[in-house]
Amino acid sequence: MPTFLGQNQYGKAENRVVKITRDGATHHIKDLNVSVSLSGDMDEVHYSGSNANVLPTDTTKNTVYAFAKEHGIESAERFGIHLARHFVTSQDSIHQARIRIEEYAWERIETSDADDVKHSFVRKGQETRLTQITYDGESWEVVSGLKDLTVMNSTNSEFWGYVKDKYTTLPEAYDRILATQVSARWRFNWSGDEQRMPDWEKSYDQVRKHMLQAFAETYSLSLQQTLYQMGSRIIEHRGEIDEVRFSLPNKHHFLVDLKPFGLENDTADGAVYFAADRPYGLIEATVLRDGCEPQIPVDLTNL
């Protein structure tokens, strides 16, 4: 045979599952988008079409919904761990399961009623929470994160002293807007049942807090400097995390030239900016705990 089969996987992508938990009149929502990917002894289905080792993707979809009811959804990470363990341990032909989950957050609607309504929610639009769980029957890897978290500092940012050549037209900035849309992934050092499992919900909240505090508190001479401070703050404060990877597009805000209208556009008394959505600078880097090796892929597009 002049060809042979390389890496392969299959599964059911983007299973939307919403779990409502009722605590009396108080309701709680978990809203997930779950993608399942399985790999193992799948050569024959590719070579001859034999489905003898194939668990149908429709079955993986059903499993997601059944597990949401049977096990509940304490956290995206814990739910993904339940699923990954099930697929690898229940099927001899499946050697590895990768579960990717997006979580969409909701918050309660405050009402003027004396008896608070505890079953009405509004979708939070700040960011999407992410996690990826990979299990091969022996070792675990849990990488969580977020995307589409837009942040801005309206001052305390500069950019000057950079390399200039004949194509450089960008003026140096000593008081500028710094804005970005954060995409971040962090890798846990939890690797199996012999270790105490992290409190996934608390961990996410704390990582997000330290990330935002570092962004706000760093007097920035470059977005790279801010990125490193954000990653370092997470590593220093969260012992369960060994690696953080950021992809930060620089959401440029340029001062508008108002001189043709007889107006000075001075940042000292409040300025007017043009918000440019493209092209944009893209700053990416990994921050690691000392002694650890990077494992999060450089390209976060599919993670």
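Which residues does Thr128 touch, not counting residues up to four places away in sequence? In this predicted model, Thr128 touches Glu102, Glu103, Tyr104, Gly145, Leu146 and Lys147. Thr128 has its place in strand β6, which covers residues 128–135. Its relative accessibility is 11%, so Thr128 counts as buried, the limit being under 20%.

**Salt bridges**

A search of the whole structure gives 16 salt bridges.

| Pair | N to O distance |
|---|---|
| Glu172 and Lys164 | 2.8 Å |
| Glu243 and Arg187 | 2.7 Å |
| Arg278 and Asp277 | 3.8 Å |

The side chains of Glu243 and Arg187 meet in one of these salt bridges. Glu243 belongs to strand β9 (residues 241–250) and Arg187 to strand β8 (residues 178–188), so the pair ties together parts that are 56 residues apart in sequence. Glu243 and Arg187 are both buried.

Asp277, at 48% relative accessibility, counts as partly exposed.

Salt bridges also link Lys30, Glu77, Glu103, Arg129 and Glu201 in a network. One of these residues, Glu103, is touched by Thr128 as well.

Where on the structure do Asp41, Asp43, Glu44 and Asp92 gather? These residues form a patch of negative charge on the surface. Glu44, one of them, lies in helix α1, which spans residues 43–47. Glu44 counts as partly exposed because its relative accessibility is 43%.

Glu44 is also in contact with Ser50, as is Val45, when the neighbours of Ser50 within four places in sequence are left aside. Ser50 is found in the loop between α1 and α2 (57–70). With a relative accessible area of 30%, Ser50 is partly exposed.

How far apart are Ser50 and Leu255 in sequence and in space? They are separated by 205 residues in sequence and by 64 Å in space, C-alpha to C-alpha.

Note on methods: Residues are numbered from 1 along each chain as its sequence is written. This is a predicted model: local features need pLDDT of at least 70, side-chain atom pairs count only at pLDDT 80 or more; totals for chains, interfaces and linings use all residues. Side-chain values use heavy atoms; hydrogens and water are left out. Patches are made of residues with over 30% relative accessible area and no salt bridge: like charges are joined within 9 Å, nonpolar side chains (Val, Leu, Ile, Met, Phe, Trp, Tyr) within 5 Å. Accessible areas come from the Shrake-Rupley method with a 1.4 Å probe; for residues, only the protein chains shown count as cover. A salt bridge is a side-chain nitrogen of Lys or Arg within 4 Å of a carboxyl oxygen of Asp or Glu. Lys and Arg count as positive and Asp and Glu as negative; His and the chain ends are not counted. The place of a charge is taken as NZ of Lys, CZ of Arg, CG of Asp or CD of Glu. Helices (H or I, at least four residues) and strands (E, at least two) are DSSP runs, numbered from the N terminus. Buried means under 20% relative accessible area, exposed over 50%, partly exposed in between (1.4 Å probe, protein chains only). Contact means heavy atoms within 4.5 Å.
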